[in-house]
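Trainee: I would like to learn how to read a fold feature by feature. Where do we start?

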Amino acid sequence: MLQYITALSAAREPVCLYDDRETPAKFRFGKIMYANETELLLYEISRYGAFDGLSLLQTANVYRIEKNGQYQERMKILMQ
């Protein structure tokens, strides 16, 4: 998973990132700016397509990443 996360960081592609197993329907949307084996920095984007802050997350907590889905495609339009 770490190699995939670092590849996404290099590509700066927007992704849906799931890091809370207690609420599996909740995700974060943004671009991974930096990642290593312990932490990652996520440039978060709001549902309106605007900057929503930076989050420092534990890499080990990430259990699912979605890329190129319907949500991401819609958000790309908003972000233009």
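**Core, sheet and rings**

Mentor: Start with the core. Its largest nonpolar set has 11 residues: Ile5, Leu8, Val15, Leu17, Ile32, Ala35, Leu40, Leu42, Leu57, Val62 and Ile65. Helix 1, strand 1, strand 2 and strand 3 each supply at least two residues of this core. Keep in mind that the model is predicted. The general idea: in soluble globular proteins, nonpolar side chains tend to be buried together.

Trainee: Which residues is Leu8 in contact with, leaving aside its neighbours within four places in sequence?

Mentor: Leu8 is in contact with Glu13, Val15, Ile32, Ile65 and Lys67. Val15, Ile32 and Ile65 are also listed in the largest core.

Trainee: Which residues does the second core include?

Mentor: That separate core has five residues, among them Cys16, Phe29, Ile45 and Met75.

Trainee: Now the sheet. In what order do the strands run?

Mentor: The general idea comes before the case. Strands of a sheet pair through backbone hydrogen bonds, either parallel or antiparallel. Here the sheet is open and has five strands in the order 4-3-2-1-5, with antiparallel pairing. Strand 4 (51-58) and strand 5 (64-66) stand at the edges. Each has a single partner strand, so one side of each is left without a neighbour in the sheet. On average, neighbouring strands are turned by 40 degrees against each other, direction ignored.

Trainee: How many bridges link strand 1 and strand 2?

Mentor: Strand 1 and strand 2 pair over four bridges, in the antiparallel sense. Look at Cys16: it stands opposite Phe29 in strand 2. Both residues belong to the second core.

Trainee: How many bridges do strand 2 and strand 3 have, and in which sense do they pair?

Mentor: Five bridges, again antiparallel. Lys31 has Tyr43 of strand 3 as its bridge partner. A hairpin of three residues joins strand 2 to strand 3.

Trainee: Where do the helices sit on this sheet?

Mentor: Take the direction of each helix against a strand. Helix 1 (residues 2-11) lies across strand 1, strand 2, strand 3 (39-45) and strand 5. Helix 1 runs at about 95 degrees to strand 2. Helix 2 packs on the sheet and touches strand 1, strand 2, strand 3 and strand 5. The direction of helix 2 makes about 135 degrees with that of strand 1.

Trainee: Next, the rings. How many aromatic pairs are there?

Mentor: A pair of aromatic rings is described by the distance of the centres and the angle of the planes. In this model the count is five pairs.

Trainee: What is the geometry of the pair between Phe29 and Tyr71?

Mentor: Edge-to-face, with 5.4 Å centre to centre and 85 degrees between the planes. Phe29 lies in strand 2 and Tyr71 in helix 2, so the pair ties together parts that are 42 residues apart in sequence. Phe29 counts as buried, at 3% relative accessibility.

Trainee: Which residues form the aromatic cluster?

Mentor: Tyr18, Phe27, Phe29, Tyr63 and Tyr71 form one cluster. One more feature concerns Tyr18. The charged end of Arg64 sits over the Tyr18 ring, 4.4 Å from its centre.

Note on methods. Residues are numbered from 1 along each chain as its sequence is written. This is a predicted model: local features need pLDDT of at least 70, side-chain atom pairs count only at pLDDT 80 or more; totals for chains, interfaces and linings use all residues. Side-chain values use heavy atoms; hydrogens and water are left out. Rings of Phe, Tyr and Trp (its six-membered ring) pair if their centres lie within 6.5 Å; planes under 30 degrees apart count as stacked, over 60 as edge-to-face and the rest as tilted. Buried means under 20% relative accessible area, exposed over 50%, partly exposed in between (1.4 Å probe, protein chains only). A charge sits over a ring if NZ of Lys or CZ of Arg is within 6 Å of the ring centre and within 35 degrees of the ring normal. Two strands pair if DSSP finds at least two bridges between them. Axes are lines fitted to C-alpha atoms, for helices over the stretch in contact, and angles run from 0 to 180 degrees between N-to-C directions. Contact means heavy atoms within 4.5 Å. A nonpolar core is a set of buried Ala, Val, Leu, Ile, Met, Phe, Trp, Tyr and Cys residues joined through side-chain atoms within 4.5 Å.
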